[in-house]
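Please keep the sequence and the coordinates in view while reading.

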Amino acid sequence: NQIALQQDVVYPSWFNGSWIVQSSDLKNSSENYLEYEVKFKLNSFNEIVGDRSFNAFSVGKAVLGDKLLSVQDDPKSPNRQIATFDEQIFLETKVIGRNQSFQNRSVFFVDELALQIFHNLDISRIKRVETLSKFYVCSQPSSTFEELLEKTICGEQWQAVYSAPGENLKSKPLKTSHYKLIFRHIRRSLFFIPRRKSF
């Protein structure tokens with residue numbers, strides 16, 4: 001609804017902090033998994049939200065490498081971003097629909113529908129992208145102190161790409177994807193000393 005789209009996704013408390021995500025493509029097992037960092041933090045209402053620009057840039061870099069130059073959030077809305085690529089290409093992403101639910105205080109679902117508008121010097125192209133995500137704290141085989149510190153979040157993500165609104169009356173997706181996600185918590189030491197690289 002309209003009120004929900006004025007707000008951000010609010011995550012369970014166990015998302016708070018920084019994580020290394022391992023993403024595996026379940027529809028193409030021959031591909032290596034991707035690895036990237038994501039962050040979740042408290043907002044002004046004491047709610048856990050994602051660091052959207054950091055997270056989008058981190059995922060984009062893992063997929064596209066140096067082609068992605070920057071990602072910026074719209075300061076007036078948590079649901080709009082601009083990504084800048086080389087060769088003067090821009091991607092505007094606008095969330096136009098969202099549902100989220102927290103079942104049995106243990107499984108968290110987020111479903112988002114977004115418009116992706118690609119701009120370059122010649123033409124603009126529009127696609128609709130729906131992303132359904134399911135998250136839960138991974139079950140621990142044992143409970144030693146070290147394993148409890150290494151808390152992990154398990155997840156699955158389904159994504160469907162559709163043509164632009166009005167282009168086709170049929171709702172069949174142009175492309176679908178299915179990913180397995182593992183979040184491993186990053187423990188920051190107060191006495192951490194960066195290691196020098198040896199050349």
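How many residues lie between E5 and E6 in their hairpin, and which residue in the turn has a positive phi? In this predicted model, three residues separate the two strands, and Glu87 in the turn has a positive phi of about 60°. E6 spans residues 89-103 and pairs with E5 in the antiparallel sense, with Arg80 standing opposite Lys94 in E6. E5 also runs antiparallel to E4, and between these strands Gln72 has Ile82 of E5 as its bridge partner.

| Hairpin | Bridges | Residues between the strands |
|---|---|---|
| E4 and E5 | five bridges | six residues |
| E5 and E6 | six bridges | three residues |

Helix H2, which covers residues 52-64, reaches 17 Å from its first C-alpha to its last, close to the 18 Å expected at 1.5 Å a residue. Its buried residues are Ser53, Asn55, Ser58 and Gly60, and they pack against E2, E3, E4 and E5. After H2 comes Gly65, whose phi is positive, near 65°.

Turning to the nonpolar cores, the largest has 16 residues, of which Phe15, Phe40, Phe135 and Phe183 touch the most other members. Strands E1, E2, E7 and E10 each give two or more residues to this core, and the largest share, three residues, comes from E2. Leaving aside neighbours within four places in sequence, Phe183 is in contact with residues including Phe15, Trp19, Val38, Phe40 and Phe135. A second, separate core of five residues includes Leu68, Val71, Phe85 and Leu91.

Note on methods:
Residues numbered from 1 in each chain as written. Predicted model: local features only at pLDDT ≥ 70, side-chain atom pairs only at ≥ 80, totals over all residues. Heavy atoms only, no water. Core = buried A, V, L, I, M, F, W, Y, C linked by side-chain atoms within 4.5 Å. Buried < 20%, exposed > 50% of the residue type's maximum accessible area, 1.4 Å probe, protein only. Helix = DSSP H or I, 4+ residues; strand = E, 2+ residues; numbered from the N terminus. Contact = heavy atoms within 4.5 Å. Expected span 1.5 Å × (residues − 1). Pairing = 2+ DSSP bridges.
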